[in-house]
Amino acid sequence: MEDKTIIQTSIRNLVEYVLRKGDISYGFFSQSRLVEGTKVHQKIQGSRGKDYQKEVHIAEDIVRKKAIISLRGRIDGVFKKEGVTFIEEIKSTSQNFIGLSKESNENYWAQAKFYAFLYARKHKMEEINVQLTYYQINTKQIKLFTIKYTLQELEKFCLNIIDQYLEWAVILSNWLKKRSSSIKNLSFPFPSFRKGQEKMIKIVEEVLSEKNKLLCQAPTGIGKTIGAVYPSIKLLRTSFDSKIFYLTAKTTTRFIAEETLDILRKAGLSLKSVSITAKAKICFKENDMCDPNYCEFARGHFNRVNTAIKDIFQEEAFTKSVIEEYAMKHKVCPFELSLDLALWSDCIICDYNYAFDPRVFLKRFFAEEKGDYTFLIDEAHNLVDRARKMFSAELLKKPILKLRRATKEEIPEIAKILNKINQYMIRTRKRCEEKEHFYIVQKELPDEELLKMLRKFSSLTSDWLELNNPTDFREGLLELFFDVRNFLRVAEEYDSHYVTYFRKYRSNVMIKLYCIDPSKLLKKALNRGNTAIFYSATLTPLDYFAYLLGGDKGSTKMQLPSPFPKENLALMLADHISTRYVHRDQSYKEIAELILRVTKPKIGNYLIYFPSYVYLENVLEEFEKIKEGTEIIVQTQGMTEQQREEFLEKFSDFGRTPLIGFCVMGGIFGEGIDLIGEKLSGAVVVGVGLPKISLEQNLIKDYFDEENGKGFLFAYTFPGMNKVMQAAGRVIRTEKDQGVVLLIGDRYSTNTYTKLFPEAWQDIRLINNKNQLSKMIESFWKE
């Protein structure tokens with residue numbers, strides 16, 4: 001007898017694939033759709049008594065004519081009452097219970113019936129009860145629905161669902177065989193390794209095998225993307241459960257990941273990858289409003305999406321353009337299509353948010369138990385600040401007052417609670433006005449009075465939003481609702497890693513729950529997978545990043561040397577100039593002269609980096625007086641995507657007139673741009689890149705002063721030095737590139753900074769005056 005194909009799937013994925021139909025509706029209910037909240041589950045499970053079995057894993061192979069379906073799932077609870085067995089499925093919701101009935105939510109009943117079928121079959125039961133338990137997150141009310149089924153009824157229902165899934169399942173199974181065979185036979189796609197690359201691959205393999213974490217500082221040119229991706233692919237298991245999440249901070253890095261996978265495909269790899277693009281950027285409509293009355297792609301989406309998925313599955317790289325092509329062809333939502341494709345992709349390329357941000361992370365992967373996931377975190381130095389934003393929450397007075405006025409006539413009960421919240425904000429503003437700097441900081445949550453009002457607002461607004469009444473203020477109210485929900489969520493996570501601050505801005509007031517130390521919550525997020533590989537050209541010092549990025553004491557740390565010849569870079573330091581804030585007005589003229597000396601010996605393109613726009617403008621004013629025919633372009637605040645592209649396009653022209661771009665460190669031109677060869681001949685970095693002194697940076701300083709005595713280092717020095725290294729790293733991008741880098745600032749010569757210099761900077765040459773600088777640069781270009 002011919003061996004039957006075994007197809008593995010979760011009960012949830014099986015049910016959702018077969019039963020979905022109708023429209024996408026991001027009316028309110030679907031945006032706050034039922035989710036398995038861990039705390040809700042634990043609360044209900046804990047109240048059920050000692051004989052209650054919770055989180056019961058269930059798995060069984062169902063033999064059909066075409067294949068064997070290997071099902072698995074997790075039952076929320078199993079209990080007995082008066083001798084009868086109950087299978088309990090728990091769902092949390094913000095939906096008003098008035099709208100709930102036994103007929104509501106077909107998918108959830110189907111999921112519970114599968115659990116009951118497998119449990120009854122395993123324990124040889126002729127009948128079993130299914131209980132669907134709803135928990136209203138605003139009112140904390142509980143509502144139960146119970147239906148008794150015979151084993152025969154459940155078997156008929158479940159086998160019918162399975163048979164509808166079989167055609168798709170066989171396609172998946174055949175693909176998995178092809179994919180696994182290609183991975184087994186895949187060799188490294190280049191004839192040789194770059195310097196340091198083989199070592200990186202070996203360490204990544206070890207970390208993946210040990211299910212550990214790795215922090216790797218790998219300079220440009222190592223080939224760190226393929227150094228992380230290649231071993232991760234080689235160790236993928238033969239299952240759609242085994243996934244690589246390639247996490248990026250910028251769109252440009254996403255393209256690098258896509259190109260790397262294409263290189264491996266040309267070397268024989270068969271692998272499905274999906275690039276998830278933000279809904280606002282991929283939506284076909286002018287407004288990304290998922291209303292079936294407005295959007296023809298949302299209308300009937302679920303009736304057509306399975307056909308679209310089968311069609312697009314002939315492709316391997318589900319890039320933005322490919323997804324758009326098939327979404328348009330089948331008239332489905334491109335964003336929702338990309339999320340579905342993630343279920344059957346081996347590598348998911350997406351922004352950090354989709355793995356870490358509690359508001360938008362991919363619940364289909366991360367809402368339940370730990371998965372067989374590898375996190376590859378590119379440009380990981382960006383994740384610290386991004387994580388602080390993800391885990392923080394804030395409320396402003398201005399939109400509260402505006403909505404109070406807008407809702408007064410139509411929904412007076414919401415206007416009433418908004419008025420109370422606004423009054424609280426007014427009292428807060430008065431308290432801030434009594435302080436010298438108009439802010440108040442405390443190490444505990446705002447008082448319960450505010451939280452109680454916010455919970456009431458959340459409950460009332462939830463009920464009203466579910467009615468989907470069109471009004472002029474609906475979008476604003478929805479936005480405030482989610483801000484309040486986020487605030488209340490963060491309040492539940494609030495601990496010693498947070499502070500609260502109240503701040504007055506003219507007539508406005510902000511209350512912020514600020515996550516100073518994101519390490520605990522990042523560690524929690526990383527524990528949803530097996531392994532995390534953090535890599536960047538700038539992770540200095542490694543211990544600082546290992547702590548803040550949620551690493552463990554056993555995390556592996558690796559620093560690789562630059563693969564490029566040292567003689568290709570002339571690295572110089574003018575440490576006789578102070579760029580400290582109190583001395584800056586004395587430095588403008590001399591810095592302008594040094595810029596001229598750097599750019600004069602070779603007609604080329606140059607980037608000049610400053611710690612602030614004010615410093616940039618003052619030096620630019622001096623440089624304009626002596627520029628000698630040089631073309632100058634300047635980064636401005638709030639540049640559009642088109643202006644950014646036009647700025648960079650200027651660097652494609654070289655060799656005729658010197659081009660100098662004045663930029664700000666840490667900005668859009670400070671990292672993530674590749675100006676290869678003659679496109680960039682040099683860079684000048686003014687100052688040590690310290691972040692602007694601010695309330696939040698000082699809160700970070702105060703926190704780490706208490707934690708480890710390194711407050712200024714954690715808040716200012718380390719973030720600044722990473723910006724410096726990113727800026728300097730723009731110059732040498734390939735082994736053939738040559739260029740000059742001048743650092744300006746007396747602090748670079750102090751022990752604090754020299755300890756942070758990478759190995760390639762140990763031969764830095766000191767410059768005492770502009771004539772010496774000219775001679776050094778002239779000599780470098782002649783050689």
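Mentor: A helix here is a DSSP run of H or I with at least four residues, and helices are numbered from the N terminus. The model is predicted.

Trainee: Which residue takes a positive phi just after H8?

Mentor: Helix H8 comprises residues 251-266. Just after H8, a positive phi of about 115 degrees is taken by Gly268.

Trainee: How many Å apart are the end C-alpha atoms of H8?

Mentor: H8 has 16 residues, so at 1.5 Å a residue it should span 22 Å.

Trainee: What arc around the axis of H8 do its buried residues cover?

Mentor: The buried residues of H8 are Thr253, Arg254, Ala257, Glu258, Thr260, Leu261, Leu264 and Arg265. They lie on the same side of H8, because the arc they cover around the axis is only 160 degrees.

Trainee: Are Trp168 and Trp344 buried or exposed?

Mentor: These residues form an edge-to-face aromatic pair, 5.1 Å centre to centre with 85 degrees between the planes. Trp168 belongs to helix H5, while Trp344 lies in the loop between helix H12 and strand E11, 176 residues apart. A residue under 20% relative accessible area is buried. Trp168 has 0% and Trp344 has 7%, so both are buried.

Trainee: Over which residues does pLDDT stay under 50?

Mentor: The protein chain averages a pLDDT of 92, and 97% of the residues score at least 70. Where pLDDT is low, predicted coordinates should not be read in detail. That caution applies where pLDDT stays under 50, over residues 28-36.

How values were computed:
Residues numbered from 1 in each chain as written. Predicted model: local features only at pLDDT ≥ 70, side-chain atom pairs only at ≥ 80, totals over all residues. Heavy atoms only, no water. pLDDT = per-residue confidence, 0-100. Contact = heavy atoms within 4.5 Å. Helix = DSSP H or I, 4+ residues; strand = E, 2+ residues; numbered from the N terminus. Expected span 1.5 Å × (residues − 1). Buried < 20%, exposed > 50% of the residue type's maximum accessible area, 1.4 Å probe, protein only. Arc of directions from axis to C-beta. Phe/Tyr/Trp six-rings, centres within 6.5 Å; stacked < 30°, edge-to-face > 60°.
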